[in-house]
Amino acid sequence: MEIGGSKGPVVPPVKPMLARLEDTVPEGEEWRFEPKWDGFRALVFRDGDEIAVQSRDTRPLERYFPEVVSAVASLPPGSWVVDGEVLIMGSDGLDFGALLQRIHPAASRIQMLAEKTPATLVVFDILAAGSKDLRGSDDDARREELERWAASIGVGAAPEELDHLAPGPEILLTPRTKDRDTAMRWYADEVGIGQDGLIARRGDLLYREGERAMVKIKHRRTVDCVVGGYRLAKDGEGVASLLLGLYGGDVLHYVGHTSSFRAPQRRELLERLAPLEGEGGFGRGRSPGGLSRWTAGRSTEWTPLRPELVCEVSIDRMQGERFRHAATFQRWRDDRDPATCTFDQLSSGRR
């Protein structure tokens, strides 16, 4: 690691290992299961007094979550790199909206939110401990090392009954099981905290940076898409639909649209999208528009946008490389780099 001049076996930036979306929970003795937390991915680098917190897309997160940095700083000094999720546990369960509020330019507002809705770091993997690079060790060996690390510095375990998770600030070790019944209880979110499904990985899995080597099974089938354009409402007073794309290589391909907005939201969307109007999204790959028997009698005109916004949508199924039906808007994903919104999110997508 190199933070402020010191060095270790794993140096930032590191692209975290990712998960591909599957429809069913895998079966077999080789699988291990963890809750899928609804938060921001975070890799934490510690070397003595030096601390760095890195996002999924390798950006620094320290300024947005000062309470997490303080919690890490309160641990005994050491050299290590861990992988986890920053989440906020509110009175009604996991609060992703509160996380999004942290991505704010004003330090005073961030500090106020850190005190009002403190975050928790839930750790689920370890990449380095001392002078050892653990990325070449299998998942079972890394879990054993992670548990030793947690015990040695006083990091407690998150409860298997997920509704017992207390508000932060805290650093916790994620629960893990080979027992399918326990895994299915987590998947069903029986306790109702808004936990997002399951992560499954094989015990012999090495840490494969930037690859979708794990499996995620979500309560709903969702995809993170780039907003590459929009269509106006008939009255011109707002946005009728967002035009969604996924990357194949470095080319953005149109995959469908979402139009699940009420009138006030449509007007707000128009204001949000106006600064992004311009070329650069669709055009090199499959694009919206073009008359067909499905669009007869309707305008197919659309406004292109620079590909800078990401939103999460739920879908029922793919047909080829497009959504079979209109997608349902879930939320903005300001924490996602548009370039990472690829077909590889989907088990049936292009490789």
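The predicted model holds 1 cavity of 30 Å³ or more. The space in this largest cavity comes to about 500 Å³. Its lining is made up of 33 residues. Closest to the centre of the largest cavity are K36, R41, R56, E85 and K216.

At least two residues each come from β1 (18-21), β2 (31-35), β3, β12 (197-202), β13 (212-218) and β14 (222-232). The largest share belongs to β13, which supplies 4 residues.

Strand β3, one of the contributors to the lining, spans residues 40-47. Its partner is β4, which covers residues 50-55. The two strands pair in the antiparallel sense, over 6 bridges. Within this pairing, A42 stands opposite S55 in β4. Together β3 and β4 form a hairpin, with 2 residues between them. G48 lies in the turn and has a positive phi of about 65°.

The cut-off for burial is a relative accessible area under 20%.

Methods. Residues numbered from 1 in each chain as written. Predicted model: local features only at pLDDT ≥ 70, side-chain atom pairs only at ≥ 80, totals over all residues. Heavy atoms only, no water. Buried < 20%, exposed > 50% of the residue type's maximum accessible area, 1.4 Å probe, protein only. Pairing = 2+ DSSP bridges. 1 Å grid on protein atoms, 1.4 Å probe; cavity = no way out; pocket = protein on both sides within 12 Å on 5 of 7 lines; lining within 4 Å. Points joined across faces, edges and corners; volume = space filled by probe spheres on them.
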